[in-house]
Amino acid sequence: MITGKNGHGIRVPIFKTQFTGNEEKYVSECIATGWVSSAGEFVERFEREFAKYIGVKYSTSACNGTCALHLALLSLGVGRGDEVIVPDFTFAATASAVMHAGAKPVLVDIDPITLNIDPVEIEKNITKKTKAIIPVHLYGRPAPMEDIMEIAERHGLLVIEDAAEAHGAMIGSMKVGSFGNAAIFSFYGNKIITTGEGGMVVSNDGEAINRASLLKNHGMRKEKRYWHDVVGYNYRLTNVQAAIGLAQLEKIEEKIELKRHVAKCYDRLFSSSGFILPSEENGTRNVYWLYWVMQASDSDTGKIMEKLASKGIESRPFFYPLSTMPPFFRKGLKNSVNIYKRGLCLPSYGGLTEKQQEFIASVILH
Ligand SMILES: *Cc1c(COP(=O)(O)O)cnc(C)c1O
């Protein structure tokens, strides 16, 4: 039994880390060879293999997804005076990284069924100052990248995908993270694959990745040690983290298939429940980072969450719309504000049994 934050016992957690591959072997190699800091072969191998998996030419790792997003923005030249379009319904890091870069996040509304950014709302919010769009593939479901890229091209805007929750999600034969000028991923403990804390910037733009790599390493020239042309950061991933990441990446398709299996089972259990469910558009692959259910009418999920908790099942509310919180206030966003109270995320880890899922569904439905 795991003890939750509230002190009650939790028998079915929302997420479980799974280390079923070469994690220990690779970490032992780091310790045996002494390469535990940010130099070492696993960093390069993980970066190379991850870029290959996503289908992009270049990548550079970072200490977490938020730093990766900060680096992506800076390396593409986004900064003071720029506006960046961000969905209102996402984890706060999407918007705070924009502010770290000195730019202004412009929150726009979402599609109330897919929960992803609405291209029509993007277009309405473009101004002379708009420099970039950050679509988020929320809860593992691909955002409508074809429409977003078309809008970006027509207006001369950059696109940085926040794929922190969507490793391996696809549109057609392309992975998310390969559509925009750059994309970022997170390897936090509960993401599709993890390095504990960690992140990655990927891009087909070699110069952008070189700049990101320079900035994350104190702005220090590669060929001239202790020479700094710019003010940089220390945003590096360690070899130990990369060792775990490489082992996780070797098993990523297995992990995604397990998650999709869990999602299909929930789909069946809730099919005639009246809940709005996550699904996938034709020709896309949702990786169901977190499976959610959303009440069709305007009622609170608090009661359902309490019921689940009393049976030892952990669940999680939707994100608060960013526009409702002090650092990001913006008035007039309707869909995000309308849906956030109606949804909740359910245990979604690969290996959850159908029996457990049936139990979870019965608690929710009765
Ligand atoms: C997790 C997450 C991030 C930030 O990643 P960290 O590695 O936790 O810094 C950014 N955006 C979204 C949508 C996330 O879910």
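Modeller: Helix H3 (residues 65-75) packs against helix H4 (residues 93-100) with the axes 9 Å apart and at an angle of about 45°. H3 is therefore oblique to H4; angles under 35 degrees count as roughly parallel, over 145 as roughly antiparallel, 65 to 115 as roughly perpendicular, and the rest as oblique. Axes here are lines fitted to C-alpha atoms, for helices over the stretch in contact, and angles run from 0 to 180 degrees between N-to-C directions. On the H3 side, Thr 66, Leu 69, His 70 and Leu 73 make the contact, and on the H4 side Ala 93, Thr 94, Ala 97, Val 98 and His 100; contact means heavy atoms within 4.5 Å. By class, five of these residues are nonpolar, four are polar and none is charged. In this scheme Ala, Val, Leu, Ile, Met, Phe, Trp, Tyr, Cys and Pro are nonpolar, Asp, Glu, Lys and Arg are charged, and the others, Gly among them, are polar.

The model is predicted, so local features need pLDDT of at least 70 and side-chain atom pairs count only at pLDDT 80 or more, while totals for chains, interfaces and linings use all residues. Residues are numbered from 1 along each chain as its sequence is written, and side-chain values use heavy atoms, with hydrogens and water left out.

Among the residues in contact are Phe 42, Phe 46 and Phe 50 of H2, together with Ala 242, Leu 246 and Leu 249 of H8. The contact of H2 with H8 has nine nonpolar, two polar and three charged residues.

The loop between helix H7 (206-216) and helix H8 (239-250) holds His 218, which has a positive phi of about 65° although it is not a glycine. At 34% relative accessibility, His 218 counts as partly exposed; buried means under 20% relative accessible area, exposed over 50%, and partly exposed in between, with a 1.4 Å probe and protein chains only. Tyr 226 is found in the loop between H7 and H8 as well, and its phi is likewise positive, near 65°. Tyr 226 counts as exposed because its relative accessibility is 60%.

Leu 346 lies in strand S15 (residues 343-346) and, at 0% relative accessibility, counts as buried. Beyond its neighbours within four places in sequence, Leu 346 touches residues including Ile 14, Tyr 266, Phe 270 and Ile 364.

The protein chain as a whole has 12 helices and 15 strands, which are DSSP runs numbered from the N terminus (H or I, at least four residues, for helices; E, at least two, for strands). Buried residues make up 56% of its 366 residues. Of the contacts with a separation of 6 or more, 69% join residues 24 or more positions apart.
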